Amino acid sequence: MNTSKRQFLGRTLGVSAGMAITALLGSTRALASVEDVQKAIAEFTGGKAPAEGVVTLTTPEIAENGNSVPVSVSVESPMSEDDYVESVMILAEDNPSALVATFHFTPASGEAVASTRMRLARTQNVLAVAKMSNGDVYSATNNIKVTIGGCGG
Amino acid sequence: MMTRRDFLQFASVTAALTGFGGGLSRVAAQQSLTQDDLLSFDAKGQITLLHITDLHAQLKPVYFRPPSENIGVGAYAGIPPHLVGEQFLAHFGLTRGSALSYAHTMVDYVDMARAYGRLGGLDRTATLIKSIRAERGDDKVLLLDGGDTWQGSYTALQTNAQDMVDCMALLKPDAMVGHWEFTLGEDRVLEIIDSLDYPFLASNIVDNDWEEPVFESTSMRDVGGASVAIIGQAMPYTPIANPRWMFPGWSFGLRTELLQQNVNAARDAGAEVVVLLSHNGFDVDRKLAADISGIDVILTGHTHDAIPKAISVGNTLVLASGSHGKFLGRVDLEVKNGKVVDFNSTLIPVFSDVITPDVEMKAQIDRVRAPFEEEANRVIGKTESLLYRRGNFNGTWDDLICEGMMEKRDAQLSLSPGFRWGTTNLPGDDITIDDLYNQTAMSYPSVYRLEFTGAQLHDILEDVCDNLFNKDPYFQQGGDMVRVGGMGYTCDPEGSMGSRISDMTLLESGEPIDASRSYVVAGWASVNEGVEGPAIYDLMEEYISEKEVINIQKNDAVKLKNS
């Protein structure tokens with residue numbers, strides 16, 4: 001993978017190589033309702049409704065620790081000068097602040113792959129929305145369960 | 001050890017004494033039971049897989065009453081393993097009163113238990129395994145241990161599982177996986193694994209920092225001239241169902257993508273047969289068999305289901321070999337041109353009275369138990385009623401534990417986890433330290449006393465209920481419903497999260513549980529760190545000793561809706 005030293009700085013925040021970070025946990029903007037989440041997606045995509053596919057979102061079925069839930073996203077793309085993934089936004093629908101992170105890529109990223117950890121307030125949908133250089137948008141949604149604590153036997 | 005003649009007398013005399021209806025035909029059925037019959041099998045091909053799972057540290061033969069409820073939901077309703085009693089007998093064509101009927105169902109349980117005796121005992125299992133290895137040839141047989149082997153008895157608790165490790169070593173397993181093993185703590189688990197002559201496999205455990213594999217995922221073996229890959233899968237929800245703080249560095253989960261990668265890697269490395277040794281639970285593995293391509297056989301455990309033969313899901317065979325040493329699972333495979341072309345499978349019920357114990361294993365069991373034998377056999381009380389645990393909503397052992405916690409901790413309500421391990425005492429039996437610890441032996445035994453609001457209690461019940469009855473098996477954790485003392489409720493298993501539990505009622509007064517009111521609750525096996533309170537086994541020893549004679553009445557505090 002072709003990764004510059006500058007881009008590698010992202011790793012200190014627990015993000016895998018290949019991108020720079022513009023937003024992480026702790027955004028002051030509260031997204032409390034479905035409408036707000038929809039609005040945030042619309043702003044990101046320029047109003048275009050995301051299609052399914054292309055984006056692979058990997059999360060646990062059930063969170064082991066709601067305070068630190070691993071999330072990985074990868075987007076199929078040749079990552080060439082005229083066809084690459086520009087950015088991927090991750091949202092947790094029912095968090096007090098829904099925006100988890102936005103990852104930006106360039107053709108030099110080599111591949112559009114990123115992972116980080118997020119805090120989840122409760123069981124909810126997590127979305128990844130990818131914006132391609134040609135303006136196409138794709139998304140994937142996973143439901144992640146946050147339990148009180150089980151009795152497995 | 002009883003001779004065959006003794007056994008026959010025992011069986012028929014008991015049948016006469018208990019007025020066992022159906023008489024002669026049942027006695028005749030029992031008379032057909034011999035070690036050779038148990039071993040009789042139409043062997044196939046060049047590979048034999050033997051599977052033991054969820055032994056829960058039971059070295060000696062046990063009574064284990066199969067459940068009266070084992071409800072499946074959604075697409076999994078009414079199909080194995082979600083069949084009990086007469087439905088189970090009808091589905092598998094078993095005759096009521098037969099040896100297999102007793103091994104697999106609770107129909108006529110007490111009479112049948114008195115007639116057929118206990119099942120299991122690792123010395124009996126050793127005899128079966130040695131006999132199959134001798135018949136087939138060592139190079140054609142793999143013995144695979146599905147986990148939950150190192151926890152569940154007085155002696156395992158006292159020795160930090162060394163008793164089980166020493167006895168299992170004699171069986172020479174080819175691989176194992178884990179679940180309750182992890183409740184020994186990271187250090188002890190790694191210490192034991194270092195001492196094993198066989199691999200401890202886990203495709204789905206990664207370290208929390210870098211998400212890199214902690215254990216080997218796969219063991220490649222040459223069996224009967226064919227290349228066999230064994231891939232291991234630990235209980236995916238161990239850090240949720242059990243205390244995560246005991247193994248803080250490890251992350252589990254289903255990790256289906258990783259599993260598919262490991263299956264593909266095994267195939268690329270030349271595996272002609274891929275076996276998944278799994279502690280996922282039956283419905284999870286039924287779904288997994290359809291989702292993952294390239295697995296020939298799943299040897300499944302965790303949910304303690306015993307199904308007489310392997311079930312086919314597409315091209316995958318799924319064999320569920322029960323628990324507590326009651327059964328030895330066997331799958332034979334014929335491989336031609338890198339493909340499984342024929343198979344046969346069975347669960348061998350380990351009828352302890354008709355199998356000659358293996359001398360070497362018997363001596364080892366006696367040796368590991370010797371320092372504890374006197375204490376383990378100490379009688380603390382007697383029961384007039386049947387004591388068992390297994391069932392979706394309650395069992396009489398947990399009714400007793402709930403009663404004991406409420407009284408000894410002066411609580412209005414009590415909560416006891418829906419564990420599926422724990423053996424059975426027949427009416428009239430003494431209750432020994434062994435019996436008590438078979439229900440309670442674990443490493444986080446403190447009995448807490450806390451106040452919960454009615455709303456919190458509702459949340460807890462809904463949460464656990466969703467772990468049991470989520471229509472997507474990938475969200476099922478494999479335990480039964482939390483047992484509740486002092487409170488009744490209605491459950492709708494087919495409902496969705498948040499809507500299954502209704503009519504919560506304080507049994508003492510008959511009043512509805514008030515969402516905003518606080519109730520004093522006693523409970524055990526909290527997954528939180530630093531829980532304070534007496535150990536459940538000490539509390540219950542005191543309670544049973546004081547009561548002297550136990551008699552648990554039928555519990556109908558939980559009502560079912562739509563099921």
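Visitor: In which loop of chain B is the place of B:Pro81?

Guide: The model is a predicted one. In it, the peptide bond from B:Pro80 to B:Pro81 is cis, with omega near 5°. Most peptide bonds are trans. As for its place, B:Pro81 is in the loop between β2 (61–62) and α4 (85–92) of chain B.

Visitor: Is B:Asn160 counted as partly exposed or as buried?

Guide: B:Asn160 lies in the loop between α8 and α9 (162–171) of chain B. Its phi is positive, about 50°, although B:Asn160 is not a glycine. A buried residue needs 20 or more other C-beta atoms within 10 Å, and an exposed one has 12 or fewer. B:Asn160 has 16 C-beta neighbours inside 10 Å, so it counts as partly exposed.

Visitor: How many other C-beta atoms lie within 10 Å of B:Lys172?

Guide: B:Lys172 lies in the loop between α9 and β5 (175–176) of chain B. Phi of B:Lys172 is near 50°, a positive value in a residue other than glycine. B:Lys172 is partly exposed, and the number of other C-beta atoms within 10 Å is 13.

Visitor: Which strands stand at the edges of the five-stranded sheet of chain B?

Guide: This open sheet has mixed pairing and the order β5-β4-β1-β14-β15 in chain B. An edge strand has a single partner strand, so one side of it is left without a neighbour in the sheet; in chain B these strands are β5 and β15 (339–349).

Visitor: Which residue of β14(B) is the bridge partner of B:Leu49?

Guide: Strand β1 (residues 47–52) and strand β14 (residues 327–336) of chain B pair in the antiparallel sense over five bridges. Helix α7 (residues 122–136) of chain B packs on this sheet, touching β1, β4 (141–145), β14 and β15 of chain B, and its direction makes about 175° with that of β1(B). In β14(B), the bridge partner of B:Leu49 is B:Val331.

Visitor: Which residue of β24(B) is the bridge partner of B:Thr383?

Guide: Three strands of chain B form an open sheet with mixed pairing, in the order β18-β16-β24. Its edge strands, each pairing on one side only, are β18 (430–432) and β24 (549–550) of chain B. Strand β16 (residues 379–383) of chain B pairs with β24(B) in the parallel sense over two bridges. The partner of B:Thr383 in β24(B) is B:Ile550.

Visitor: At what angle to β16(B) does helix α19 of chain B run?

Guide: Helix α17 (residues 433–440) of chain B lies across β16 and β18 of chain B, at about 65° to β18(B). Helix α19 (residues 536–547) of chain B lies across β16, β18 and β24 of chain B, and its angle to β16(B) is about 60°.

Visitor: Which helix gives the most to the side of domain 1 of chain B that touches domain 2 of chain B?

Guide: Chain B is divided into domain 1 (33–63 + 117–368) and domain 2 (377–560). In the contact, 31 residues of domain 1 of chain B meet 21 residues of domain 2 of chain B. On the domain 1 side, α8 (154–158), α11 (238–241) and α13 (282–291) of chain B each supply at least two residues. The largest share, four residues, comes from α13(B).

Visitor: How many nonpolar residues are on the side of chain B that touches chain A?

Guide: The contact takes 31 residues from chain B and 15 residues from chain A. On the chain B side, α18(B) gives the most, with five residues. The residues of that side include eight polar and seven charged, and the number of nonpolar ones is 16.

Methods: Residues are numbered from 1 along each chain as its sequence is written. Chains are lettered from A and ligands numbered from 1 in the order in which they are written. This is a predicted model: local features need pLDDT of at least 70, side-chain atom pairs count only at pLDDT 80 or more; totals for chains, interfaces and linings use all residues. Domain bounds come from an automatic or database domain assignment. Two residues are in contact if their C-beta atoms, placed from the backbone, lie within 7 Å. Two strands pair if DSSP finds at least two bridges between them. Axes are lines fitted to C-alpha atoms, for helices over the stretch in contact, and angles run from 0 to 180 degrees between N-to-C directions. Ala, Val, Leu, Ile, Met, Phe, Trp, Tyr, Cys and Pro count as nonpolar, Asp, Glu, Lys and Arg as charged, and the others, Gly among them, as polar.
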